[in-house]
Amino acid sequence: MNHTITCFLPAGNREETLSTINELKDSNLVSNIYLIGQVDYKIDKVEFLNSKSLFAGETIHEIAAKSNADFTFIYTKTSSLKLGQFALNRFTQVAKDTQASFTYSDSKIIKNGKTENHPVIDYQEGSLRDDFDFGSLICINTKALKKAITSVDKNNKYAGFYSLRLALSEQADLIRIPEYLYTEAELDTRKTGEKIFDYVDPKNRAVQIEMEEVCTEFLKRTNGYLKPEFVDIDSKSEHFELEASVIIPVLNRVKTLEDAIKSVLSQKSDYPFNLIIVDNHSTDGTRELIQKYASQDKRIIHLIPERNDLGIGGCWNEAVHHKSCGRFAIQLDSDDLYADVTTIQQIIECFHKEKCAMLVGSYQMVNFKLEEIPPGLIDHKEWTPENGRNNALRINGLGAPRAFYTPVIRETPLPNVNYGEDYALGLAISRKYQIGRIYKSLYLCRRWDENSDASLSIEKMNAHNTYKDRIRTIELKARKNINQ
């Protein structure tokens with residue numbers, strides 16, 4: 001028995017839209033096609049919905065009302081879609097066999113005239129990012145859709161689709177088909193290092209606030225929400241020789257490390273501090289550079305780990321467990337700088353004032369010449385003292401610079417990895433303690449071609465996202481256990 005399909009897609013230019021529609025009409029599974037948006041053309045046997053945005057709550061409600069087939073397909077792009085052999089049959093077969101509420105697949109993309117594979121990743125419990133990449137063609141079980149729609153607010157301008165897929169995940173699995181079932185044009189050809197800051201661009205703040213509201217309601221429904229109740233830190237309860245340590249893990253950064261060192265040594269503070277540089281067996285002259293500065297300033301501690309299996313997280317563990325580590329451990333990456341000479345002073349004062357276990361500042365995006373670049377100041381103002389630790393499960397990072405109360409970080413070792421180690425630690429700390437915030441720029445985040453995330457392959461990007469989703473899955477399970 002064939003399972004019928006109702007299709008919905010945004011209207012683009014007539015030529016590309018008609019190409020997609022003809023692809024869909026070629027399948028005997030498709031019963032109805034709807035175009036979303038206002039256009040000045042008509043297409044036979046296609047109905048038009050005048051909704052302005054595919055992702056708005058009102059549109060999602062209209063889709064649920066119009067769909068009368070077993071499965072509802074949504075194509076999210078305006079560029080032409082090319083279906084693979086029996087692609088729609090494969091979607092519906094897997095959806096039926098697994099009883100999934102939501103099914104998606106890998107695809108191929110046409111980028112700069114070349115066709116490339118575009119694999120996506122498996123959905124898991126912690127896949128709460130609102131920008132999770134499902135590809136552009138998704139299959140929804142219509143019965144599940146009509147049930148989930150009760151959790152989607154019609155007034156949402158941006159988060160309607162996000163709200164829908166969270167609600168669908170409460171009913172059944174979201175299943176990825178690891179097959180390249182369609183081809184489409186890639187419209188955003190920027191490097192990964194340019195895309196990753198879109199969510200913190202100030203112009204997207206209204207979007208972020210609405211996404212946070214939707215995620216928070218989902219966490220409340222699924223027992224993952226934590227109330228704003230925190231354990232205060234008594235920062236004077238333990239003795240430390242120094243009030244703070246700046247920690248720089250480094251591997252082969254001779255081009256930038258000197259600027260970072262000078263940035264720390266120029267700090268003016270009423271509190272004594274030192275600089276712990278963990279040299280992870282550099283071979284490009286970095287080691288000699290550190291030795292030069294350490295011989296000139298006793299505040300510099302040059303650590304070379306005995307182990308050869310350490311990532312950035314492991315280097316941090318070496319530093320915070322060192323006997324010379326101060327009461328507060330403050331982050332500085334080897335290719336970045338502090339914004340001015342008062343950064344350490346501001347961080348220490350904020351710790352004492354807010355009695356928090358972790359602190360996150362704000363940072364300015366700059367190029368290698370320290371010239372400001374878009375999106376400029378990253379202040380994470382969507383973070384609130386009341387709901388920051390819940391919203392942290394939705395966003396993909398906590399900001400910079402990060403600083404920690406050393407006794408707490410010693411109790412919670414960082415994962416020994418090179419990506420996401422600080423995010424994992426921040427989530428774990430926020431489970432119990434407040435994370436303080438400074439919204440003034442404290443830090444210059446220098447973007448250049450040798451940044452670890454400047455230009456990643458799709459495979460590397462997927463590995464990063466899978467790891468952070470796993471971190472969120474672990475954290476979400478921990479919070480549900482607390483609430484039980």
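**Exercises with solutions**

Helix 3 is followed by Q99, whose phi is positive, near 60 degrees. Helices here are DSSP runs of H or I with at least four residues, strands are runs of E with at least two, and both are numbered from the N terminus. This is a predicted model, where local features need pLDDT of at least 70, side-chain atom pairs count only at pLDDT 80 or more, and totals for chains, interfaces and linings use all residues. Residues are numbered from 1 along each chain as its sequence is written, and side-chain values use heavy atoms, leaving out hydrogens and water.

**Exercise 1.** Compare the reach of helix 3 with its expected span.

*Solution.* Start with the length: helix 3 covers residues 87-98, which makes 12 residues.

**Exercise 2.** Which residues of helix 3 are buried, and why do they share a side?

*Solution.* Buried means under 20% relative accessible area, with exposed over 50% and partly exposed in between (1.4 Å probe, protein chains only). In helix 3 the buried residues are A87, L88, F91, T92, V94 and A95. They lie on the same side of helix 3 because they cover an arc of only 160 degrees around the axis, judged by the directions from the helix axis to the C-beta atoms.

**Exercise 3.** Now describe the whole protein chain.

*Solution.* First, count elements: there are 15 helices and 18 strands. Next, take burial: 56% of the 484 residues count as buried. Finally, the C-alpha atoms fill a box of roughly 80 × 50 × 40 Å along the principal axes.

Technical notes: Expected span 1.5 Å × (residues − 1).
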